Amino acid sequence: MEEEEASADEEQRFSYRQRLKAAVHYTVGCLCEEVASDKEVQLSKQTIAAISEVTFRQCENFAKDLEMFARHAKRSTINTEDVKLLARRSNSLLKYITEKNEELTQFNLERKAKKKKKLEDENNSVEPVEAGVVESEN
């Protein structure tokens with residue numbers, strides 16, 4: 001029974017991997033076509049397949065490195081600092097990632113501030129209900 005489950009899990013992982021590989025190949029093919037038309041050159045199917053395979057393997061290496069960076073920091077979640085560490089050898093990529101991270105941080109802060117202000121406005125607009133009942137004088 002355990003062997004069947006392990007086999008099914010392995011088949012599912014293989015299936016996911018193949019689907020991911022196909023998606024990478026498709027995307028690389030689209031990018032290669034775009035670059036080829038811009039540069040007015042032609043790329044063979046073998047060249048596109050080779051670029052696709054190298055891209056896929058590099059992404060696998062990136063994923064393993066990111067996992068190791070997080071594990072080294074005793075975390076189970078990969079964060080922005082791990083991605084920056086991965087990109088440290090490419091100054092332009094590191095700069096781009098840092099800028100995008102700062103944009104996202106600023107956007108999130110603004111969104112939180114708006115949410116907080118909206119909640120405060122809602123709380124202030126509701127008139128407080130009197131706790132006591134006014135007794136009538138007879």
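The protein in this predicted model is built from four helices and zero strands, so in DSSP terms the order from the N terminus is simply α-α-α-α. Along the principal axes, the C-alpha trace spans about 100 × 55 × 30 Å. Of the contacts between residues at least 6 apart in sequence, 28% join residues at least 24 apart.

On the charge side, there are 23 positive and 28 negative charges, and their mean positions sit 8 Å apart. Salt bridges come to eight. One of them pairs Arg17 with Glu60, with 2.1 Å between the closest N and O atoms. This pair links helix H1 (residues 2-39) to helix H2 (residues 45-72) across 43 residues of sequence. Arg17 is partly exposed at 35% relative accessibility, and so is Glu60 at 24%.

Lys21 and Glu53 form another bridge, at 3.4 Å. Because Lys21 lies in helix H1 and Glu53 in helix H2, the pair ties together parts 32 residues apart in sequence. Lys21 is partly exposed at 24%, as is Glu53 at 27%. Both also belong to a salt-bridge network with Arg57.

Glu67 and Arg71 meet in a bridge of 3.2 Å, this time within helix H2, four residues or about one turn apart. Glu67 is partly exposed at 40%, and Arg71 at 49%.

Key. Residues are numbered from 1 along each chain as its sequence is written. This is a predicted model: local features need pLDDT of at least 70, side-chain atom pairs count only at pLDDT 80 or more; totals for chains, interfaces and linings use all residues. Side-chain values use heavy atoms; hydrogens and water are left out. Helices (H or I, at least four residues) and strands (E, at least two) are DSSP runs, numbered from the N terminus. Contact means heavy atoms within 4.5 Å. Lys and Arg count as positive and Asp and Glu as negative; His and the chain ends are not counted. The place of a charge is taken as NZ of Lys, CZ of Arg, CG of Asp or CD of Glu. A salt bridge is a side-chain nitrogen of Lys or Arg within 4 Å of a carboxyl oxygen of Asp or Glu. Buried means under 20% relative accessible area, exposed over 50%, partly exposed in between (1.4 Å probe, protein chains only).
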